[in-house]
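Here are a few exercises to work through with the model open beside you. Try each task before reading its solution.

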Amino acid sequence: MPDDNKPTRQELHAEYQELYNLVRQAYWDAKEIETKDKLLKLKEAISDILTGLNRADLESRTPEFEALNNSTNAVNANLDALKKEIDTFVHDVKLASQIVSRIDKVIGLAAKFFMP
């Protein structure tokens, strides 16, 4: 019997896509090169997750799915750490708040999606 609380791949993808869009906006708003570098790396990591979620065979719990799970866990740990310092380099308070809110949502959905 399917778990009604478990998000679909499409729901998880939509949340990571929204986070990607917010991080992309923060990248263009950033002034310091170090900040841009950090946001670019984060954007690329989120892009990798989006690419992995687009693979049709992920639902079958293949080794690629497990690799994506591991990658997602690592990126989510970095996202969680980013929340603590986002205000230091994203000076648009509304944007910083949106990013933190989206990070929380993505991490929560990913945990449910990848749970056995």
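Rings of Phe, Tyr and Trp (its six-membered ring) pair if their centres lie within 6.5 Å; planes under 30 degrees apart count as stacked, over 60 as edge-to-face and the rest as tilted. This is a predicted model, where local features need pLDDT of at least 70 and side-chain atom pairs count only at pLDDT 80 or more, while totals for chains, interfaces and linings use all residues. Residues are numbered from 1 along each chain as its sequence is written, and side-chain values use heavy atoms, with hydrogens and water left out.

**Exercise 1. Aromatic rings**

Find which residues form one aromatic cluster with Phe-65.

Solution, step by step:

- By the pairing rule, the count is four aromatic pairs.
- One of them joins Phe-65 and Phe-113, a tilted pair at 6.0 Å centre to centre with 45° between the planes.
- This pair links distant parts of the chain, 48 residues apart: Phe-65 lies in helix α3 (residues 63-83) and Phe-113 in helix α5 (residues 93-114). Helices here are DSSP runs (H or I, at least four residues), numbered from the N terminus.
- Phe-65 and Phe-113 are both buried, where buried means under 20% relative accessible area (1.4 Å probe, protein chains only).
- Next, the planes of Phe-113 and Phe-114 stand at 90° with ring centres 5.0 Å apart, so this pair is edge-to-face.
- The cluster is therefore made of Phe-65, Phe-113 and Phe-114.

**Exercise 2. A polar residue**

Decide whether Asn-76 is buried or exposed, and name its side-chain polar partner.

Solution, step by step:

- Asn-76 is found in helix α3.
- Its relative accessible area is 9%, so Asn-76 is buried.
- The side chains of Asn-76 and Tyr-16 make a polar contact (2.8 Å), meaning a pair of N or O atoms within 3.5 Å, one able to donate a hydrogen and the other to accept it.

Key: Helix = DSSP H or I, 4+ residues; strand = E, 2+ residues; numbered from the N terminus. Buried < 20%, exposed > 50% of the residue type's maximum accessible area, 1.4 Å probe, protein only.
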